[in-house]
Every structure is written in C-alpha cells, then in structure tokens.
Amino acid sequence: REPCLRPECMSYIPPVNFGYVEAQIFRSGQPTPRSFPFLETLQLRTVVYLSPEPPTATFAAFMEEQGVRCAHLLAPAAGDPSPAPAGAGGNSETLTETVVVAALRLLLDPLCYPILVCCSLGRHRTGTLIGCLRKIQNWNLSSILAEYRRFAGNKQRLENEQLIELFDTDLVAIPPNATVL
C-alpha cells in the first residue's frame, strides 16, 4: 500500500530532531510551516530559542498567532546589528554558562509549560542545554552524553560535552514549584 502524500495526511509532522524531554518539555530544530500543525497540538506557552539569528518570519508569526512567548536568549543587544556571541571566541554553536543558567530558569518554571527548546537543527545548543538539565536531574554523565550524541549524530562537539560535564549546577536556583526533578 502506498503512503498517503496528500496534505491532509501529512498534517502532523514534528520538526527536525523533535524529542520529548520531560512532561511538558520538548526539544527540536527550528520548526517550519510543515510542522506547525503538530506544534499546535502541544499547546505551547514558551519557546526557548537558542540561535543568534532571529526566528524565521513564518515561525515568529506562528508563535505570535498562537500566543507563544519566545525567549530568544542569543538575540543581539539593542542597537547592535551583529548576532550576539554565544560562547568564547564567538562560536555560535557553543553556549555560555550565563545563557544556560537563564534558559534553565525557564525550563524549571512550570508557569512556562508546555515549553519547546530549539535551535537551528536541534543538535548542539539544544543538546547542551538539555544535557545541563539532565545534570541537575542527577543523571550520570555517560547517559547525558549518550542522549546528546543521539541527537548530534556524528557531529557531536567536544566543547559542548565539556560544558555539560563541567557545568556547575549550584548556579541554578531550583524554584519550589519545579516539577522535573
């Protein structure tokens, strides 16, 4: 039997590298219009957007239309046309500890749920943030890195794995209403 390729049969396609992290917490690469019907089913309240470039116009319009708050944590400073550097040396694939802590505050706050963490492909920046969340959840390092590598494929980055391994969980204040721990 041939698969149905009509638009009505393809209405629930998740974004690239989509994954379930915890109840009400999801991860992916930047969504495209093809994945918007799927995202609607999640009834997102917040998107943590980990890319120095702004979201695409269609994704930004989708979030506005759906009433989704976009936390663009690597946005350039006001008046600065260049993308904000994400890590040492301006490597936009590596997050700083400051950005990770800010993003984790959102991930640990149930008032932000349902929440989606995304970057361009859902590999490196998203994987690093989720790895640091797993560290707060007391996962062992080998399990954390296995999850990071599963999404990064053969493109894992040593500097991201080192950030996860060396991340100081004491920098993150755990809110009393946190539900993912």
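Trainee: Glu161 first: buried or exposed?
Mentor: Buried, at 8% relative accessibility. Buried means under 20% relative accessible area, exposed over 50%, and partly exposed in between, with a 1.4 Å probe and protein chains only.

Trainee: What kind of model is this?
Mentor: A predicted one: local features need pLDDT of at least 70, side-chain atom pairs count only at pLDDT 80 or more, and totals for chains, interfaces and linings use all residues. Residues are numbered from 1 along each chain as its sequence is written, and side-chain values use heavy atoms, with hydrogens and water left out.

Trainee: Which side chain does Glu161 meet in a salt bridge?
Mentor: Arg149, at 2.9 Å, N to O. A salt bridge here is a side-chain nitrogen of Lys or Arg within 4 Å of a carboxyl oxygen of Asp or Glu.

Trainee: New topic. How many salt bridges are there?
Mentor: The count is 3. One of them joins Arg134 to Glu22, closest N and O atoms 2.9 Å apart. Arg134 is in helix H4 (residues 124–136), and Glu22 is in strand E1 (residues 19–22), 112 residues apart.

Trainee: What about Glu147?
Mentor: Glu147 also has a salt bridge with Arg134, at 2.9 Å. Both Glu147 and Arg134 are buried.

Trainee: Which residues end up in one network?
Mentor: Glu22, Arg134 and Glu147, through salt bridges that share partners.

Conventions. Helices (H or I, at least four residues) and strands (E, at least two) are DSSP runs, numbered from the N terminus.
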